[in-house]
Amino acid sequence: MLPSSFSKLTQVVASIAVHALLLSSSLVPANAHSIARRATVCNGHPELCDRSYGNVSFVGAHDSYAFGPLTQLGVNQDQNVTQQLNDGIRMLQMQAHLKDNQIFLCHTSCTIQNGGSLEDYLKTVKNWLDANPTEVLSLLIVNIDNLVPSQYDTVFKAVGLDAISYAPPTTPVVATSWPTLGSMIDSGKRLVTFLDNGADSTSVPYLIDEFTNIWETAFNVIDPNFDCNVNRTKAQDPSTQLYLINHFLDKLLLGQAVPDIDRANQTNAATGLGSLGVHVDTCVAQHSKPPNFLLVDFYEFGGGSVFEVAARINGVSYNPSTPIAVPATGQAANPTSTSGALPMQPLGEKNLAWTIFVVFVGIAFGAYNAI
């Protein structure tokens, strides 16, 4: 039998050990557990957490800021930005102009379509990202007035988006070298911003040059037989890049390309002539990999078919927890979302006259196009 003094010594040592353990745990930084935690759902799907950003396909809203009534010339969407994001848009494309020493988002010319200031737009984006911490989002800025990166940096810092912006350690980034969605979410750097020209990685590293990292197909397409040829790039070998397909159909009005809303349902469909699904299949056959970004107009036409196409590419299911928005015409989107087109209301004489007038103004200023 052990001496009672030894037993007491054992009890004292055990007590000291317990107190030391409790003290050490109290000294652990409050955010240590959150740092170590691994994202388990990324962009709505657990399967995407271990997938590279360069190995995921995202649906993008062409001219996302240019939303309004379908009868209004210069709009490419009819749902606001928050609704676009809630429904599944994960790339927001925009066109930036300098107006009164402030950056505004305008469709070619601020006299045709003024979507408000970049700062107000980015506040909306920041609010949505704060409310959705397991989402990775991309921005594509068409730097139409060739602004320097520091001008954008000022706005990003004003709304706090610089703090959650991903800056690649080197650029260009080979398509296979992007981080996983899970690691981006864990690090808090889950906003990826591309600038179509004027990017400078040394001054503002989170504004990433588009065309050294992404190639694009043609835009202003009026033939529903979309091709998948490389149209714009800075790379000698586009096969190493991410790529974006411009899948929005236009028609000519007085010689100018404007959105073909009448065929939007079929353009956004998963199957059939001129559909997004067929365009993607064409690209896969031609390039042996799917596009990373599917840029569309009036994304909700087709009843979610654009998101079905992206889900098919990504190997996940498309089962939205809430129904997506319906077209602003008030008509229900095609619930099967795979083919067919909804009948569109005619413009009417007054709206048609206004449309023609604005097109003439655009022609007079040499301004209007559908970028």
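Modeller: Start with residue classes. Ala, Val, Leu, Ile, Met, Phe, Trp, Tyr, Cys and Pro count as nonpolar; Asp, Glu, Lys and Arg count as charged; the others, Gly among them, count as polar. The model is predicted, so local features need pLDDT of at least 70 and side-chain atom pairs need pLDDT 80 or more, while totals for chains, interfaces and linings use all residues. Residues are numbered from 1 along each chain as its sequence is written, and side-chain values use heavy atoms, leaving out hydrogens and water.

The protein has 10 helices and 12 strands. These are DSSP runs numbered from the N terminus: helices are H or I with at least four residues, strands are E with at least two. Of the 371 residues, 49% are buried. Buried means under 20% relative accessible area, exposed over 50%, and partly exposed in between, with a 1.4 Å probe and protein chains only.

Next, the empty space. Rolling a probe the size of a water molecule over the atoms shows where such space is left. The search uses a 1 Å grid over the protein atoms alone. A cavity is a set of points where a 1.4 Å probe fits but cannot get out. A pocket is an open set with protein on both sides within 12 Å along at least five of seven lines. Lining residues have an atom within 4 Å of a point. Points are joined across faces, edges and corners, and a volume is the space filled by probe spheres set on them.

The largest pocket holds about 570 Å³. Its lining counts 27 residues, and Asn43, His45, Asp87, Gly88 and Tyr318 lie nearest the centre. Strand 1 (58–61), helix 3 (81–87) and helix 9 (305–314) each give two or more residues to this lining. Helix 9 gives the most, with 4 residues. By class, the pocket lining has 13 nonpolar, 11 polar and 3 charged residues.

Stay with helix 9. It is mostly covered, with 8 of its 10 residues buried. Those are Ser305, Val306, Phe307, Val309, Ala310, Ala311, Ile313 and Asn314. Their cover includes strand 1, helix 3, helix 8 (276–287) and strand 12 (293–296). Contact here means heavy atoms within 4.5 Å. After helix 9 comes Gly315, with a positive phi near 70°.

The largest cavity has a volume of about 60 Å³. Phe248, Leu249, Pro259, Asp260, Ala264, Thr267, Asn268, Asp297 and Phe298 line it. That lining divides into 5 nonpolar, 2 polar and 2 charged residues.

Aromatic rings come last. Rings of Phe, Tyr and Trp (its six-membered ring) pair if their centres lie within 6.5 Å; planes under 30 degrees apart are stacked, over 60 edge-to-face, the rest tilted. The structure holds 12 such pairs. Phe298, one of the cavity-lining residues, makes an edge-to-face pair with Phe301, at 6.0 Å centre to centre and 70° between the planes. Phe298 and Phe301 are both buried. Tyr53 and Phe58 are also buried. They form a tilted pair, 5.3 Å centre to centre with 35° between the planes. Tyr53 and Phe58 belong to one aromatic cluster with Tyr166, Trp178, Phe194 and Phe293.
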